[in-house]
Amino acid sequence: MKTDNYMIIDGMPVALDGTERNLIEVIRKSGIEMPTFCYHSDLSIYGACRMCMVEDERGRLMASCSTLPYPGMNVKTNTERLRRYRRNILELLLSEHCNDCTTCSNNGTCHLQSLAIKFNVRNLRFENTRTEEQKKVDDSSPCIIRDPSKCILCGDCVRECNEIQDVGAIDFAHRGSNCSISTAFDIPLSQSTCVGCGQCAAACPTGAIVVRDNRSIVWKKLDDPNTFVTCEIAPAVRVAIGRALGVAEGKNSMGKIVAALHRMGFDEVYDTSTAADLTVIEEANEFLERIEKGDKLPLFTSCCPAWVQYVEKKYPEFLPNVSTCKSPMSMFAAVIKAHQKKHDPNGEKNYYHVAIMPCTAKKFEAQRDEFKTDGKPDTDIVITTQELIKMIRESGILFDMIEPESIDMPFGEASGAGVIFGVTGGVTEAVLRRISDDNSRATMKAIEYTGVRGFEGIKEATVMKNGREVNIAVVSGLANAGKLLKQIKSGEKSYDLVEVMACPGGCISGAGQPYLSRVERLERGEGLYKTDNNMAVKRSQDNPLVKELYNGILKDREHELLHVDYLK
C-alpha cells in the first residue's frame, strides 16, 4: 500500500496536504484532541510540558507539537504507556501546585484541573518543595494578579508577553527546582514594563495569572440604598458574553445584558458606543487639523490604554503623535459625572459609575490621575465581561430566558460607527465615515472595502481626501505595533493615521473576555458588523444625541471633558 499522501494515526489513515506545521495538527484533524499545556497555535513551539507525547511503531516517544509529520508515519496517541506517562506528569505538576481548587478563581475553567480529572489523578506521591518565597503573590497591579504557587512553568505567559505583545515584562528566572516566572529583578508587576493588557492571563492554563476581581466592591455599592449606581457597557461585551450564559457565540446580547443589570440593581445602564461617537468626532477633527497643518503625523489612536502605556514605556518619542482624545470609556464617564453634577449641584446624592469592559488595562486607566475630577475618578471602577458573567450567575438570573430591555435615557442613542469600535479596524472605519461627505449606502459599502476590515496583524489602506492621498495603517497586537513603529522611525513606512489595538483582533479578544479561538474571534467580529448593519444611524455625526450633547453639556467644555494630555 502506497503512503505518499497520508500517515497512520491509531490504525487509521489520515491525509496530509502539506500545510500541517507539526504532528499535533494532523492528529487534531483526525478527530483526536491531544492534551497540552504549552502548545498554542499562535505562539512558538516550546515543547516543555510533554503531555502531547505519541508513540511510533518502534516504541519511540516523541512530542507531537514539535515533530514534523511525513507520509507513511505511523503513531499511536493512546496506549497504556502514554496514559501512565501523562498521569506521572500531572502528578508531578500537582505536587508543586497549591491545590486550593475550590476557592481558586479558575475553578471549573482550569486546564490542569480538567486534565487531572480526565486522566483520573486522585493521589499525589510527591511532596511540595516550593518555598514560601516562591509562593509569594504579586497583587501590585490593578489589572492582574500573579500567584506563583499555581504556576506549572508551561511558559505560555512568557511567550505571549514577548512574542505577541513585545512587552517582555516577565520571563523565566533561575534554574532547576528554583526555576520560576518573574519580572526583572523580581520587582512588583506594577513597577515593571507591564502594560496591563492581560493577555498573559488569557494564555495561562491555571490560576497563576488571573484578572483582578472587583465584584465585591460593586455588590456593596448596589446594596447601598443611598448610592445611585450607573454603568456603561463596551461594544465588544455584547458579542462575547452569550456562550457562557446559554446564548450563541457572537450574538448581540445587549438587550439581555441591560435587563440583567437592571435586575441586579443598577439604576441606569448606558452603551459606551454613545461615547465612541464622541471619540470619532473629536479624533476625526484632530486628524483633519493635523493633516491641514502637516504637523505631528501620523496620528495614533488613543482608545486602547495598554497601547498608550506601551508608547509611554517603550517609545515615548511617539507620545506627541498619540491623539489627545480620551478613550470612549473615559469620555463617557466625564460626561455622565458632568450631567449628574448639573442636576445635583449641591452633591446631595452619592453617585457611583461602573464600566463593563472587555479589557483588563481599563482597570488601570480608571485609576490614572488624568481621568480624575477634583481628585475623584470619573470611572469609579471597572469590571470585565468575565466578572459580569459571574455576577449574573451569582444573581440566579437565567440569561437566556430574560426579555431584552433598552438602554436608559438620556444617553440612549448610538450609531453603528460606535458599535464597530470593538473590532480591529472599527475605529478607522468610523473615522472614514466621519470625514466622508456622503452618507449614502453605496459610500458606506465602499468604505468597508478600503482594506481596514479583517484580522491580519497589520493592514494598510489609502483613501483620498480633498485631492490628497491619506495613508492608513490598522494594527492589532503590540508586537505588530512595535514593528510598525520601527519602520516609521527608519523612514521605511509613512502614514497619516494609525489605529492600534493591543489585543489581537481588537477588543473582542480582550483579556477580560471569555477565552476564544480563532473561529470565535471571527464570530464576535461578525456579530458587531451585523449589529452595525441593523442600525439606522451609521455615522457618528448623524447621531441626534451627539448633537444634543455638543449643544448642552459639552458646550464650551469639549476639551476639558473629552481630551487628555499624556505628555504632561
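Hi everyone, let's start inside strand β19: Leu497, Glu499 and Met501 point one way, Val498 and Val500 point the other way, and all are buried (under 20% relative accessible area, with a 1.4 Å probe and protein chains only). In a regular strand, side chains alternate between the two faces of the sheet.

A word on the source: this is a predicted model, where local features need pLDDT of at least 70, side-chain atom pairs count only at pLDDT 80 or more, and totals for chains, interfaces and linings use all residues. Residues are numbered from 1 along each chain as its sequence is written, and side-chain values use heavy atoms, leaving out hydrogens and water.

Five of its five residues are buried, so the strand is largely enclosed by the rest of the structure.

Who are its partners? Strand β18, residues 468-476, runs parallel to β19 and is joined to it by five bridges, with isoleucine 472 opposite leucine 497. Strand β12, residues 299-300, also pairs with β19 in the parallel sense, over two bridges (pairing takes at least two DSSP bridges). There, phenylalanine 300 stands opposite valine 498.

Now to the helices. The axes of α8 (residues 273-293) and α18 (residues 544-551) come within 10 Å and cross at roughly 70°. That makes α8 roughly perpendicular to α18 (65 to 115 degrees). In α8, Thr274, Asp277, Leu278, Ile281 and Glu282 meet Leu545, Val546, Leu549 and Tyr550 of α18, contact being heavy atoms within 4.5 Å.

Note on methods. Axes fitted to C-alpha atoms, helices over the stretch in contact; angles between N-to-C directions. Helix = DSSP H or I, 4+ residues; strand = E, 2+ residues; numbered from the N terminus. Parallel < 35°, antiparallel > 145°, perpendicular 65-115°, else oblique. Buried < 20%, exposed > 50% of the residue type's maximum accessible area, 1.4 Å probe, protein only.
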